[in-house]
Amino acid sequence: MTMNNENKIKKVLIANRGEIAVRIIRTLKEVNIPSVLIYHAEDAGSLGVREADETIEIFGDTPVASYIDAKNIIKACRKSGANAVHPGYGFLSENSAFVHQLEEEEILFIGPSADIIKLMGDKISARAFMIKHGFPIVPSVVEDDDPTSFAKRAKEIGVPLLLKAAAGGGGKGMRIVRDLSELEAQIEQARSEGLRYFGDGRLFCERYIEKPRHIEVQILADQHGNCIHLWERECSIQRRFQKVIEEAPSPALNDEQRNNICQTAVEMAQKAGYTNAGTVEFILDQEGAFYFLEMNTRLQVEHPVTEYITGLDLVAEQIRVANGEALNKQQSDIQINGHAIECRINAEDPDQNFMPSLGRVAKLRMAQGAGIRFDTGLREGQEVGSAFDPMLGKLITHGSDRQQATNRALRALQETILLGLNCNIDYLQRILKHPAFVLGELHTHFIDEFSNDLMAEEIDDTTLAQIIAIAASLDPQQQSGRCDIPEPYASMGHWRN
Amino acid sequence: MRSSYKVADKTVQAQLLQRAETQLIVDEKTSTIALKALGDDEYRVTANEASTSAYAIARGEQFFIHLNGRHYLVECEDEAHSSAQSGSAADKTIASAPMPGTVISVNVETGQTVKENDTLMVIESMKMETTINAWRDGVIATINVNVGDSFDRMAALIELEE
Amino acid sequence: MQRIISHLNTNADTFKANTLHNLKLRDELKEKMQQARFNRPQRDMDRLKRQNKLFVRDRIELLLDPGTPFLELSTLAANRSYDGKGPSASIITGIGIVNGREVMIHADDSSVKGGAWYPLSMKKIVRMLDIAIENQLPVIHLCDSAGGFLPMQSQFFADRYHGGRVFRNMCQLSKMGIPQLSVVLGHCTAGGAYIPALSEYSVIVKGTGAVFLGGPPLVKAATGEIITADELGGCDLHTQISGTADYPAANEQEAISKAREIVAQFSRKEKETIEQQAVEAPYYDPKELYGIIPQDNRVQYDVRELIARLVDGSRFSEYQPAYGSTLVCGFAHIWGYKVGILGNNGVLFNDSSLKGAHFMQLCNQNKTPLVFLQNITGFMVGREYEQNGITKDGAKMIMSQACSVVPKFTVMVGGSFGAGNYGMCGRAYDSRLLFSWPNSKISVMGGEQAADVLVDIKLSQLKREGITLSEEEIQAIRDPVLAEYEQESDAYHSTSEIWDDGILDPIDTRNSLGIAISVSLNKPIEEPNYGIFRF
């Protein structure tokens, strides 16, 4: 990072909250750039608000609304003199209109250009782009083109294939066809279902990938045409399409496959003219073939695992690129060092169908030791409400190999103490201990498939006695209604003459 | 007097008798637990000769405990409350909100006849949607919320006629 | 306070012989208590089950706070009466803790003749209430009685301390502001009906509990009305219509749970404060008591050895150690409470009587409860002693003792004969609680002595008629007297007649005294005041 006065970026406003805000603030401090954080009153007690150099309160109909109101952000930039905005992830990070607005205000956006965001943000245009340039994509057939030949073209995709109602969603109107002989019949049924439920009988279908694995590649490109990859991550442990555990590198790939998929991602980025940091997401099938899923034109939640294995600070790299500097590393400089795992810690109760949990974090003790990183925006004593998503923080561990990283994660989770609401810390441990996880046999239906195995273990009698004893001693009812046994009776205990 | 404590699917009766150093818990049999408060929410607890450190905080009738690398939630059961809640589904007339949130949709009207498992309304909290279904056949007596309303935990959302 | 230096040789043969002997006595005691507590005809236990009733001891355990002691009184009452068919006189009484409060518990045992009250049952209940009055203890009555055992009514109805005294005591207790709670778990008939009626609070079990002045048979006999117990005086009638009972309960468990809740409402009164310090267990092992107590009460031993195994840290501050050596007096602590101990080390002489009187005055002055360890054959007799005023000095000791205002506790650790019993606070002198050890004996004089005296009288009488008796004939007069004395002076006779509040295993003495002292402090200690001392 050049520390001279030619830095375009003088002050960065972070248009985000929670753990990512803190994480960005930390890098800004390390590169000596002042930070400004916008915050809604709900977040007034958060760690970010304490750490940022400046803070500006924002308002909106709902807390979330305040963070996605571009006017709020621009006003805050003017007020604080920030001439760059880091959008974090979510919120406005992939909103091309927002980027345009910033351009008009001559505020730098730390991320790719509005056009790229638009191209890749639209799933259809992104897929079309990939198809056009011959990149691998899950074979699919839409009915719009030619309804009569739909069945024939579907056959070409091969089985197993997934029939989807074009107007459907939420898992409805999907059927898996494993035998081509039933294809016609299934198409008929799918059509009538589509008509009945969605008022639209049109279909499309795509190859159904059994036990797919989610592999994504981190890429970094500057504004001078250089583009490198920072290797891949595997994010197959998901629940309801939300990632739960991510790791780098992927245990599914051998060196050849790894190079192949990472190179492909770089080519995709270059073809699109990508700048700054981004992630290309793929599906890997059981034969090792991979298909483009989507591209995320922002920093991702799970970026720390990449930072651990490459030693890079991605936010610092983003700032350098936004500053107009060229990448100071070549592809050959990026080595994989060891293995990293990230666990997302959520305020939810896995034993009650993952019902979200609210409350005050009365006690927070984070694990410590070598190879442990805990990214959170939480402060002890902070109130966690229902305004935002339930992620409380990320525990990332690094080890010389996957086993050490896993053991470290287990140990760190056991050491982590979070009291005041339900969280998934124990549940994460159960996943990490699962034999299939240990063997690296992952796929995106992992959690569903092993849901029985992942249920909480029985509490043994000794532990039960211990925790009830603690509860009773803290129970104000017991304390106030407590009949102190007077002496000498208390000391005599259960004595009979 | 004894209280009822629930953790996971187990319910235990307990009574705090002496100073924190020694407690007696009754659950069919009496056992002695030695408990020492070390300050800063930390406790040293000994049962059956096994001694461990634990951290615990109380929040109303909920007790959050971390012991031996695992988190536990113990809840004190209010007798009046639990006997009201545990009344058979047939007796229950009110659906209460399981957590604070907002109403996404209301799918029935007052006076409408519903069958068990019919969707009555959909609520949303922390980006999660939950459906409130009819717990038995019945007739809608009152709907206490409108689409877009916010509510607290335990708020009475919808009632069936008896 | 200095620790007593023990000179006991635990390897000596006498020690070992004593131990064997006393352990046997202890085992015999435990066995008898076990029988009295639990031995019931199977058909009676079956009947309880049919009636949906819990065994009385289970009721008590449910009532008491878990992990707390229970001092049961007079377990072996009536063990020598009624052909042994009235174990514990069909009543259980004792001091325990309910919701952190000291209470006196009275429970009818309906597994014994339906819980009918014998003469000794009445005496036990009256004694229980006397203890409650003297120590200001709330009382919980677990009622389940068939009423008075009519065939023996002449022994429990009309006199001053018979049945009526129960209700008179209940009224006095209430007048003092001490609450009583009745849990009606069976029938309360006739007089028994007044127990819940005179209690501040009452709980009644639906179906099994009933309160009526006249039961169904009596009502039918008197008026011809035919009615069931439940209709006549059951739960619904008394909780909904007559207001005689306060809380209905569906079953016994609920009734007892309710009772506990009610006790939780009792306010805890401030206790009298006396000197107290941190508790220390005796330095010497209390089990050595078995080796100290001689096989024959006439064998002398040093009572200090006994004291050393009773008191905190075995520490004892002896008063006038060089004077009046046959009465050991001094201060010690039991369960932290400071007490004044008087223990016999032989016959009472002038000096020991005066020492005792003076020491008791000191204890009254500094509010120190008194503990008497009785092992006394009597005061010294003989011309020399009479000249020196042994009778006067004994009188002074009795006056000092009888007028004491501090709580007194007596343990019969050996013999208790004649006026020695009086000076050392026997039953008549209102110790708050009085216990016997299995080896103890009590009578107006020793059996041998009595037999000798009677033989002498007989021989003199016969001599005037010119008759002399042979050795065998003398024996024939002597032996029955001896036998009768043996029978009527041992601890089991005493406890059967409720002359004491129970026989204790010697090693239980410390805990019993600790509870007794704690309970006694519920009543304030007056300023000392005495009658005339004949100097």
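Q: How is the packing of two helices described, and at what angle do the axes of H17(C) and H18(C) cross?
A: Two packed helices are described by the angle between their axes together with the distance between those axes. In this predicted model, the axes of helix H17 (residues 447-464) and helix H18 (residues 471-489) of chain C come within 9 Å and cross at roughly 145°, and the crossing of H17(C) and H18(C) is right-handed.

Q: Which residues of H17(C) and H18(C) make the contact?
A: H17(C) contributes C:Gly447, C:Ala450, C:Ala451, C:Leu454, C:Val455 and C:Lys458, while the residues from H18(C) include C:Ile474, C:Ile477, C:Arg478 and C:Tyr485. Sorted by class, this contact has 9 nonpolar, 2 polar and 3 charged residues.

Q: Why should the 12 residues of H10(C) span 16 Å?
A: The expectation rests on 1.5 Å a residue, and because the end C-alpha atoms of H10(C), residues 252-263, are 16 Å apart, the model agrees with it. Among the buried residues of H10(C) are C:Glu252, C:Lys258 and C:Arg260, as well as C:Ile256 and C:Val263.

Q: How many residues of chain B are in contact with chain A, and which strand supplies the largest share?
A: The size of an interface is often given as the accessible area lost when the parts come together. Counted here by residues, 51 of chain B are in contact with 40 of chain A. Strands S1 (3-7) and S8 (70-77) of chain B are among those that each supply at least two residues of the side touching chain A, and the largest share, 8 residues, comes from S6(B). By class, that side of chain B has 34 nonpolar, 12 polar and 5 charged residues.

Note on methods
Residues are numbered from 1 along each chain as its sequence is written. Chains are lettered from A and ligands numbered from 1 in the order in which they are written. This is a predicted model: local features need pLDDT of at least 70, side-chain atom pairs count only at pLDDT 80 or more; totals for chains, interfaces and linings use all residues. Helices (H or I, at least four residues) and strands (E, at least two) are DSSP runs, numbered from the N terminus. The expected span of a helix is 1.5 Å times one less than its number of residues. A residue is buried if 20 or more other C-beta atoms lie within 10 Å of its own, exposed if 12 or fewer, and partly exposed in between; C-beta atoms are placed from the backbone. Two residues are in contact if their C-beta atoms, placed from the backbone, lie within 7 Å. Ala, Val, Leu, Ile, Met, Phe, Trp, Tyr, Cys and Pro count as nonpolar, Asp, Glu, Lys and Arg as charged, and the others, Gly among them, as polar. Axes are lines fitted to C-alpha atoms, for helices over the stretch in contact, and angles run from 0 to 180 degrees between N-to-C directions. A crossing is left-handed if the near helix is turned anticlockwise from the far one by less than a right angle, and right-handed if clockwise.
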